[in-house]
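Hello,

Below is the structure I am handing over to you. My notes on it follow.

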Amino acid sequence: MDAMAVLARTSRPAPTLLATTSPAVSRRPVEQSYIMIKPDGVQRGLVGEIISRFEKKGFVLKGLKLFQCPKDLAQEHYKDLKEKPFFPGLIEYITSGPVVCMAWEGDGVVASARKLIGATNPLQAEPGTIRGDLAVQTGRNVVHGSDSPDNGKREIALWFKEGELCEWESVLTPWLVE
Ligand code: DAT
Ligand code: MG
């Protein structure tokens, strides 16, 4: 291996970049989104595929668990839709098997995750999005993503108990944000 190749392999962000992770530095409030792989995504073996899209994009995983959702939690999560005719079917579907609950963090993560996920109806979701690539029907659209930063907070508090989120810094952060 020549000297340049060795350098490329071993280079690290400059210490001044790493210093931005110091607790003394004031930061903007962090944005988090609640992302959930629905029971069809788990049953179809799409867990790794879906997680990897958020990892590769550059968001940071702060919470992750496989979870059998009780009915009352599903009803609370989707309470804004309770008057819709599809509500009972939606609750049955979400509670029909384990889901994967995730908290993803990063600037703009809520809107960006919605773009990565794609339109509610997978037939209208763009190719390249999760729903556009991996699903065909609204009632089996494999993944949920919060629709606003406030709902991100609300949903993470709803689905995760105290102590289930991890506070950590990714070593990749200085390579992803300046
Ligand atoms: P999204 O999941 O894209 O935020 P939403 O919040 O409007 O969409 O609806 C929540 C879920 O409810 C959606 O992912 C699938 C289900 N749903 C919505 N509209 C539906 C419909 N017309 N028929 C069946 N299920 C529907
Ligand atoms: Mg929604």
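UniProt, in an unreviewed entry, places the feature "binding site" at Lys-38, Phe-86, Arg-114, Thr-120, Arg-131 and Asn-141; such annotations may be inferred rather than shown by experiment. Lys-38, Phe-86, Arg-114, Thr-120, Arg-131 and Asn-141 are included in the lining of the second largest pocket. A pocket here is an open set of points on a 1 Å grid over the protein atoms alone, where a 1.4 Å probe fits, with protein on both sides within 12 Å along at least five of seven lines; lining residues have an atom within 4 Å of a point.

The model is predicted: local features need pLDDT of at least 70, side-chain atom pairs count only at pLDDT 80 or more, and totals for chains, interfaces and linings use all residues. Residues are numbered from 1 along each chain as its sequence is written, chains are lettered from A and ligands numbered from 1 in the order in which they are written, and side-chain values use heavy atoms, with hydrogens and water left out.

Ligand 1 sits in that second largest pocket (more than half of its atoms lie within 2 Å of the grid points). Oxygen atoms of ligand 1 lie 3.0 Å from a side-chain N or O atom of Lys-38, 2.8 Å from one of Arg-114 and 2.9 Å from one of Asn-141.

Phe-86 is in the loop between helix H5 (71-77) and helix H6 (87-94); helices are DSSP runs (H or I) of at least four residues, numbered from the N terminus.

Regards

Methods. Polar contact = N/O pair within 3.5 Å; in protein donor to acceptor, adjacent residues only side chain to side chain. Helix = DSSP H or I, 4+ residues; strand = E, 2+ residues; numbered from the N terminus.
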